[in-house]
Amino acid sequence: DGLRHSNLIQPDGHARYAVDDNRTNRPYMRIAMGVDSRIGSVDVECGLELSIDSRRAFKQMDDLLGGDHVLNVDYYIRDDATFSTMLDNDLRNPGRRVYQGDRYGYDYRLTRSCAAIYATAEWRNESMTFGLGARVAAELSWRRGYYEKESFEGAASYGRSAVVKSSPAYIAAVWHYDLGQHDLTCSLLLRGRSPEVGDMFLRPEYNNRIVGNARLESLYAAELSYSFMSQRFNLRASLYAH
């Protein structure tokens, strides 16, 4: 009630207090096709994947708490010694009044497109199985700003950023040996994964600037496990490194 009262007595209708919401719309599309075959005693599968992940993030005014409007300016840097005169969130619509339900603050899209090929092969006999899998991809990531920030004018915040290219990949192998009550399995994984798109930009809410030295996250993993099964008890022991 106190917040609403403060808003109602403002002579210009500008709300001193408001409730906003950080929202994200994330459409995702993936197309994949694969073929599998048996070559001698080896089962082989390979395929192609195409995908696009596009996330649009924006701030929306949910409740003005009895006030009439706020301005689409950056209140967080209003008193900053460096950016004190750079207030507008959108230079292409300066001084815009924001009403309940309107977008304001920031509005941008992060997009990643990916093309990948993969293949797996598995060989088995009565007591032993060996499998091998690999995947290689080419990814393109970029940001598109829908507001031209006064603190980062022009292409520094508006429009499409430079495109970040990455080539994530992995290779995995597993060996399994079954000898009656005894069972032994060994597996290995090597993987390089791209950072999240938002982590590739210095401050995606504000600008198109790409962080320096962005690189793949590396993962190395191995596991060795042994199990023994009988009618009275089961035993399983594993050793792994990650």
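The model is predicted, so local features need pLDDT of at least 70 and side-chain atom pairs count only at pLDDT 80 or more, while totals for chains, interfaces and linings use all residues. Residues are numbered from 1 along each chain as its sequence is written, and side-chain values use heavy atoms, without hydrogens or water.

**The core.** Select A57, Y106, Y108, L110, V164, V197, M200 and F201, the eight residues of the largest nonpolar core. Such a core is a set of buried Ala, Val, Leu, Ile, Met, Phe, Trp, Tyr and Cys residues joined through side-chain atoms within 4.5 Å; buried means under 20% relative accessible area, exposed over 50%, and partly exposed in between (1.4 Å probe, protein chains only). Strand β6 (residues 103-124) supplies the largest share, three residues. Another core, of six residues, lies apart from it and includes M61, L64, V70 and V98.

**Y108 and R56.** Display Y108 next: beyond its neighbours within four places in sequence, its contacts (heavy atoms within 4.5 Å) include R56, A57, R144 and P204. Then select R56, in strand β3 (residues 42-63). The side chains of R56 and D107 are joined by a polar contact of 2.9 Å. Also in contact with R56 are R23, T24 and Y146, among others.

**The surface.** Finally, select W123, F130, L132, I171, L190 and Y220, a nonpolar surface patch with about 580 Å² of accessible area together. L190 counts as partly exposed because its relative accessibility is 46%.

Note on methods
Patch = residues over 30% accessible without salt bridge, like charges linked within 9 Å, V, L, I, M, F, W, Y side chains within 5 Å. Areas by Shrake-Rupley, 256 points an atom, 1.4 Å probe, with all protein chains shown as cover. Salt bridge = Lys/Arg side-chain N within 4 Å of Asp/Glu carboxyl O. Helix = DSSP H or I, 4+ residues; strand = E, 2+ residues; numbered from the N terminus. Polar contact = N/O pair within 3.5 Å; in protein donor to acceptor, adjacent residues only side chain to side chain.
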